[in-house]
Amino acid sequence: MHAGDIYLFLVAAAFLVLGIVLGVRVFAAPAARSFDGNPQAQAALGLSGRELDVLHELAAGHSNKEIATHLHVSPNTVKTHVARLYEKLGAKRRTEAVRRARELGIVP
C-alpha cells in the first residue's frame, strides 16, 4: 500500500517540476535587446551629444523647462536644441520629431 503512495507522490512531483520548468520557459520575458541608438542615423543627421540628450528628454514627454532643469541649461538653450532637432529630423512638432527619431531607431 505504501509503495503505491510513494509511486503516486513521485509522479506528482515529476509533473510539478515539469510544470514549473515549462511555465518559466513559456512565460519568461524575452531577453532585452541592447539599444544602440542607431549610430549611423545619428551620424547621417549630424546630431550632437547634447541634441541627443534633449531628444531623449523629448521622447520621455518632458517640457522645455523640465529638460532645462534635468540638463542644467537654460530654457532658451533647450529651445535652440529643439529647433535644430526639428530641422535635422524634418519635423514641425515635438511629436513628429519623436516619431521620426523612433522610426530611425535613435530613441527607444
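Which residues make the nonpolar surface patch of about 530 Å²?

Tutor: Quick ground rules before the close-up: this is a predicted model, where local features need pLDDT of at least 70 and side-chain atom pairs count only at pLDDT 80 or more, while totals for chains, interfaces and linings use all residues. Residues are numbered from 1 along each chain as its sequence is written, and side-chain values use heavy atoms, leaving out hydrogens and water.

Now, your patch: Y7, V11, F15, L18 and L22 make it up, and it covers about 530 Å². To join a patch, a residue needs over 30% relative accessible area and no salt bridge; nonpolar side chains (Val, Leu, Ile, Met, Phe, Trp, Tyr) are then joined within 5 Å, and like charges within 9 Å. The areas come from the Shrake-Rupley method with a 1.4 Å probe, and for residues only the protein chains shown count as cover. Take Y7, which sits in helix 1, residues 2-27 (helices are DSSP runs of H or I, at least four residues, numbered from the N terminus). Y7 has a relative accessible area of 60%, so it counts as exposed; that label means over 50%, with buried under 20% and partly exposed in between.

On to the charged side chains. Opposite charges can pair up when their charged atoms come close. A salt bridge here is a side-chain nitrogen of Lys or Arg within 4 Å of a carboxyl oxygen of Asp or Glu, and by that rule the model has 4.

One of them joins R50 to D53, with the closest N and O atoms 3.8 Å apart. Both belong to helix 3 (residues 49-59), and because they're 3 residues apart, about one helical turn separates them. R50 is partly exposed at 33%, and D53 is also partly exposed, at 33%.

As for accessibility, E103 is exposed at 51%, whereas R99 is partly exposed at 43% and R100 is partly exposed at 34%.

Methods:
Helices (H or I, at least four residues) and strands (E, at least two) are DSSP runs, numbered from the N terminus. Buried means under 20% relative accessible area, exposed over 50%, partly exposed in between (1.4 Å probe, protein chains only).
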